[in-house]
Amino acid sequence: MAEKITQYRPGMGKRPTGEFMTSSWRTNSYGVQVEDTRICVVMVGLPARGKSLIAQKVVRYLGWLSITAKTFNVGQYRRTATPNPSAEFFDQSNPEGERLRRAAAEAAVNDMIRWFEAGQGLIAILDATNSTKARRRWIQEKCEAANIETMFVESKCDDEELVMSNIRDVKTTSPDYVGQDPEEAAQDFRNRIRNYEKVYQTIDEDEADLTYCKLINVGHKVIINRIRDYLQSRVVYYLMNLHIRPRSIWLSRHGESEFNLSGQIGGDADLSPRGQLYARALPDLVRKSAGDLPLTVWTSTLKRTGQTARFLPFEKLSWKALDELDSGVCDSLTYAEIEQKYPADFKSRDDDKYNYRYLGGESYRDVVIRLEPIIMELERSENILIVTHQAVLRCIYAYFMGMNQEQSPWMEVPLHCLIKLTPRAYGTVEDRLHANIPAVSTWRGKGSKAKHQTKEEAEEEEAAKTKEKAEDTEKTEEVVHTNGGDGA
Ligand code: ATP
Ligand code: F6P
């Protein structure tokens, strides 16, 4: 069964929220309101197999899709009682270690159940080794009793060299080894893994009743079992696309366009003369940032991105999904014209820019939904340069940087600037390279209808307004005071 249809609520399908909703209700492809089930994703695997990294990526991906998810990391619970354990602590013949580890697991599971019961989200990730069948059965029973589905995700990896490099990359700097010599820390961590290996049981036929996904050697082989509902299948599909080969993603807006100069939004204008200069300068800018790495260039189907990418000596692909946010009836207007023609809409957009959908057009939320296949493809790919538009670039950037929906639509992305994003073990590193070619600013601050405004100008305007307001208040207070004096 794919989903539970527990109640039909007419009209809700009209909510402008796209395919994913923050509550557990959504409209399925038949237009019926369905309730998504609550899922506990239970990580399984020996230490240094990428479980925390996978958990953190899944939370970020779901958050980007407006699905609230949270990781419960048993290691953090264990650390409150045992901050710097040595390898012996993890030996199953150490009763005190066993007791404390069990207590940490119980505390994490109980907090997770409370989190679900408080209605705070749809997906929790229980991040621990969960390396025995008995432990997994216990979690499954606890969740079942609380009406939470379980999905086990096992990361299995027998590539010794990769495991050693994981240890050196992330484990020697773990809070477990603060202040310790990295070589000794690595050796101790290796011994910790040996202790786990003594009891580790991979998921097998005995557990055929469980829902699970086994990722073997970073996705070289994937085994799935009893994947039942929509969210589970989204998560599995995402996991199947992940890889850990080093790579970067470059993002650039198109060069300045004729519409940018006139302050018009949308459209399909050509590049301005300065935009053309940027197109000519881009190959060098890319070489400065990427060296001789071979890249693939993705553009939208609009003229200004194709014109910007035209001198790049790489394979190019154009995607409809990368076209700029559709501004519907406002297409080709300036912000001042929109404010004049559709004042209520202009204000609504400023009040909730992420959810506001242009009449006959799109919202930022809609753009995120249509970008999902792009994100999947990006996860599968290596070095990609995307030449796209302001709103689309904000959404892609928000995915990699885990930026929230209130902030991302207001983010400043200057024209003629190349952004390099490099995914690392627990985050993304960003570099910005500016071409020395002037361009107008298309950034607009809340409440402003300016044609070209930089963030600094907007901040100055805001500061001036606040000062004016403060002076007004002082004046009013003076008046009140004088009046009071008069009456006495
Ligand atoms: P622990 O049980 O100690 O918490 P862990 O399994 O959570 O360990 P992480 O801390 O996530 O391990 O390890 C991160 C490292 O694992 C990164 O260097 C990352 O590149 C690598 N990695 C990510 N995915 C995988 C995978 N599927 N298999 C092996 N290594 C991976
Ligand atoms: O002005 C350039 C542009 O790409 C427009 O085509 C688009 O409507 C706009 O930026 C998106 O930015 P915002 O969401 O801030 O209006």
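The model is predicted, so local features need pLDDT of at least 70, side-chain atom pairs count only at pLDDT 80 or more, and totals for chains, interfaces and linings use all residues. Residues are numbered from 1 along each chain as its sequence is written, chains are lettered from A and ligands numbered from 1 in the order in which they are written, and side-chain values use heavy atoms, leaving out hydrogens and water.

Begin with helix H13, residues 364-380. Helices here are DSSP runs (H or I, at least four residues), numbered from the N terminus. The axes of H13 and of helix H14 (residues 390-401) come within 10 Å and cross at roughly 60°. An axis is a line fitted to C-alpha atoms over the stretch in contact, and angles run from 0 to 180 degrees between N-to-C directions. H13 is therefore oblique to H14. Angles under 35 degrees count as roughly parallel, over 145 as roughly antiparallel, 65 to 115 as roughly perpendicular and the rest as oblique. The H13 and H14 crossing is right-handed (the near helix is turned clockwise from the far one by less than a right angle).

Which residues touch? Contact means heavy atoms within 4.5 Å. On the H13 side they include Val367, Leu371 and Ile375. On the H14 side they include Val392, Ile396 and Phe400. By class, this contact has 12 nonpolar, no polar and three charged residues. Ala, Val, Leu, Ile, Met, Phe, Trp, Tyr, Cys and Pro count as nonpolar, Asp, Glu, Lys and Arg as charged, and the others, Gly among them, as polar.

H13 also meets helix H7, residues 230-241. Their axes come within 8 Å and cross at roughly 35°. Arg234, Tyr237, Tyr238 and Asn241 of H7 face Glu372, Met376, Glu379 and Arg380 of H13. That contact has three nonpolar, one polar and four charged residues.

Now turn to H14 and helix H1, residues 51-64. These two pack at about 150°, with axes 8 Å apart. H1 and H14 are therefore roughly antiparallel. Lys57, Arg60, Tyr61 and Trp64 of H1 touch Cys395, Ala398, Tyr399 and Phe400 of H14. Six of these residues are nonpolar, none polar and two charged.

Around the ligand are 17 residues (a heavy atom within 4 Å). Arg49, Lys51, Ser52, Lys171 and Tyr426 come nearest. Polar contacts are pairs of N or O atoms within 3.5 Å. A side-chain N or O atom of Lys51 is 2.7 Å from a ligand 1 oxygen. For Ser52, a backbone N or O atom lies 2.8 Å from a ligand 1 oxygen. A polar side-chain atom of Lys171 is 2.8 Å from an oxygen of ligand 1.

Conventions
Polar contact = N/O pair within 3.5 Å; in protein donor to acceptor, adjacent residues only side chain to side chain.
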